[in-house]
Amino acid sequence: MSVIKEWVFTTDHKRVGILYLIGSVAAFVVAGIMALLMRAELSAIGPTLTANPTTYNVWLYAHGAIMILGFQIPALTGFAANYCIPLMIGAKDVAFPRLNAFSVWLFYMGVILALLTFVIPDPPDVLWTGYPPYSTITTGNTALYTFTVLLIGFASIIAGVNFLTTIAYMRAQGMTWNKLNFFVWSIIGSFVMQLIYVPVLGTAVLLISFDKYLGTNFFDPTIGGDVLTYQNLFWFYSHPAVYVIFLPFIGILMEILATFAKNPVFNYKVAVYGGCWGIVIISGEVWIHHLYVSGMPDWLRIGQMVTTLLISVPVGLITISMVGTLYKGSITFETPMLYGLGTLVLFLIGGLTGIPLAVTSLTVNLSETYYVVGHFHYVMAVAGTMAIFAGVYYWFPKMTGKMYSELWGKIGFWFTFVGANVIFWTMMDVGVRTGLPRRYYDFAAFPQVANEQYIMSVGAIIIAIGFTITLLNWIIGAARGPKASDNPWGSMSLEWTTVSPPPHGNWPKPPVVAEDWNPYAYTKR
Amino acid sequence: MKGGSMFKHWKSSAGAAALAAAGPAFAEKYIPSNDSGKIVDPAAGWERLWTTVLIDITILGVIFAVATLFLVWKYRRRPGYEGGGAKPLSTGAAVAWSVIPTFIFLADDFYIAANGWQLWNVQRTVPADRLEIKLESGMYSWDYTYPNGVRTQNELKVPAGKPILLRMTSRDTIHSHYLPDFKVKEDSMPGRITYLWFYPQKPGEHLVTCTEYCGVMHSYMAGKVIVLPPAEYKAWYEQEGEKLKKAEAPEPNHGGAKPAAQKRKSA
């Protein structure tokens, strides 16, 4: 009993981080099951698993909303940031530990609210985007959507204030800005975007519920509203949200590449000030590419085609830094590195296939097809998730003081990697060749894609096997893995200088950083 | 809370009146017109641009992938080789490694953007010699109105060899009129007029399908474009027009645009 109390009322950033991890992985399992149900439904033409399209649409809603709001953002800016930021900057905790505990509570309430979808009689069926007028006229419970977004968004804003303060004021003595881990910079960028854009999303979803339940008409054109206002507000947040997920996962990747190549981050300052901050700055000027076929003015679509293409510059610089970090390295291939390299490949495919989607004249055909679904699953779903897995494996010995099984870690990786490519490569291919639209309960109008749909459903099962192996590996490793040393990867980064798992307060006395130290100061072996 | 809010009826009563008033906007929407008489097929342009961009991203992808695989293989730790601890770049090298790639990426971006813009102008500038049809979408059908007042549902008959312009709106949720074979779609939504055009050149049948989540039956909201030989189309069009004239009962008003010719007739 006291153990439970200790965890629920904890203010220790490491425990808060692990709570975030447990909550987000639970959300991932639920949303993953939704994906499997959808793949089962789509494995053949006509009703397969359910005869009711609304049931399918609820799965679709739950999959998208829970994956993004309940898994990706909390796992990266909740778990990874909480666990690692104080350790990486040499702080004993975050600046506002109680606020931190409050943020994880809000997150759990948000997840519980999201899970109520499966209990209430009229679950939301508005997709994770909640576009009006459908969201205001559906019999589904749009309020549940609104309040899930608000709770998790609020948790995120609190965390943003907390972490920016922590990084600004609680760095170890001698830790200058240019000695921060790349991951720390990516979290700064991420939370700066959260603070700027989350309130816009909060406003948008709140206005939907006002329209639906209180009789206002913000989005009702029949009384002077405008349906496009919502889409603009929504994507004004939700495109930057992609980078809120993207930056930390690139941050994790960079840490892993540097550690397992025993090299400094290639061209660190350019990756930070050009790559990371370049993305933060451009992120708010590209949202129209989600509205390329929504009847926005033609000149605006062309303008944001150019800004969207410009994203390739900071992303390209970061990619060069990632690949360059391998140069003259001393590369080993433990499970985290395997995930790291796999993520790099998937992110390359996902990033490059985004370039056609930046071009408005190509998007008039590609938009809302399986091509789009394939593309963003490569970037967000697969690369993002594999980066999170990479991070869990990487910091596993630090978090638990124990070691997972390398063999099962690698087996799990290959299942996930192969399954992901089977699904999402096929998806992009189908989308370009036939224009098969997404969000279809039944593809009766496209009988020619039946084989591909079946293949994708098999791919989903392969991923599910891979993830089950991974999850069991974590649980068994944490329960009875062999004892790990304090720094099994031989990393120079500060989080590995304390014992595993670190005690409350992290170090017996505050670490002091030497003049010639930096988190990547490896010596030639 | 089933059935929405208790305030809902306020909106629905006022809504019908406002929608009826939305009609004339159909005619006023400005659409750039191409008076040169030369018709460029946007679908063929799409294929060309897609190939160009696909080659472009494949080259980039292969360069990065080969570099990664090569480095991973060459610098793997093995007996007899211990690397790591690379020196940080000199200032000159750091600047070169940022400025040169930036210029390459920018050049590529502007190359793609220029090509994209060129096609965009084709896609959004409608040839002056065109057939103009109004589309009102609803849950879950596509309702077309021809210049002579003929209405069809889920079946758009058009003559081969003539550019077709659709002016679109919706009476309920947002829909998106997608023509996979003509590589074009555009949303139709309440309170706004949007447009798209396509160029059917040969007789045949093509799919129309909805690509904006519009409700429970979204995936069944399909229709057809039937491209007829010009003479056959003309016969059908005139015959339907005659039928309409003879029909005594006035057209039921769906709340969409009522064609001007039809109004004069019934007056």
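Predicted model: local features only at pLDDT ≥ 70, side-chain atom pairs only at ≥ 80, totals over all residues.
Residues are numbered from 1 along each chain as its sequence is written, and chains are lettered from A and ligands numbered from 1 in the order in which they are written.

Back to B:Ile193, then, which sits in the loop between β9 and β10 (194–198) of chain B; helices (H or I, at least four residues) and strands (E, at least two) are DSSP runs, numbered from the N terminus. From B:Ile193 to B:Asp181 the separation is 12 residues in sequence and 23 Å in space, taken C-alpha to C-alpha. The strand β10(B) is mostly covered, since 4 of its 5 residues are buried. Its antiparallel partner is strand β7 (residues 164–170) of chain B, to which 5 bridges join β10(B), and two strands are said to pair if DSSP finds at least two bridges between them. Within that pairing, B:Met168 has B:Thr194 of β10(B) as its bridge partner.

Now the sheet in chain B. What is the order of the strands in the open sheet of 5 strands? Reading across, the order is β6-β12-β11-β8-β9 of chain B, and the pairing is mixed. The edge strands, each pairing on one side only, are β6 (155–159) and β9 of chain B. On average, neighbouring strands of this sheet are turned by 20° against each other, direction ignored. Here axes are lines fitted to C-alpha atoms, for helices over the stretch in contact, and angles run from 0 to 180 degrees between N-to-C directions. At the β9 side, β8(B) and β9(B) run antiparallel and are joined by 5 bridges, with B:Leu179 standing opposite B:Val184 in β9(B). Helix α5 (residues 230–246) of chain B packs on the sheet, where it touches β6 and β12 (222–228) of chain B, and its direction makes about 125° with that of β6(B). Two residues are in contact if their C-beta atoms, placed from the backbone, lie within 7 Å.

For chain B as a whole, there are 6 helices and 12 strands, and 32% of its 267 residues count as buried. Of the contacts in chain B with a separation of 6 or more, 72% come from residues 24 or more positions apart.

Turning to the interface, 80 residues of chain B are in contact with 82 residues of chain A. On the side of chain B that touches chain A, at least two residues each come from α1 (8–21), α3 (42–74), α4 (91–124), β8 (175–179), β9 (184–188) and β11 (204–210) of chain B. The element that gives the most to this side is α4(B), with 16 residues. By class, this side of chain B has 44 nonpolar, 22 polar and 14 charged residues, where Ala, Val, Leu, Ile, Met, Phe, Trp, Tyr, Cys and Pro count as nonpolar, Asp, Glu, Lys and Arg as charged, and the others, Gly among them, as polar.

Finally, some backbone details. Most residues other than glycine have a negative phi, and most peptide bonds are trans. The bond from A:Pro132 to A:Pro133 is cis, with omega near 0°, and A:Pro133 lies in the loop between α4 (97–115) and α5 (134–137) of chain A. A:Lys262, although not a glycine, has a positive phi of about 50°; A:Lys262 counts as buried, with 28 C-beta neighbours inside 10 Å.

Definitions and conventions. Buried ≥ 20, exposed ≤ 12 C-beta atoms within 10 Å, placed from the backbone.
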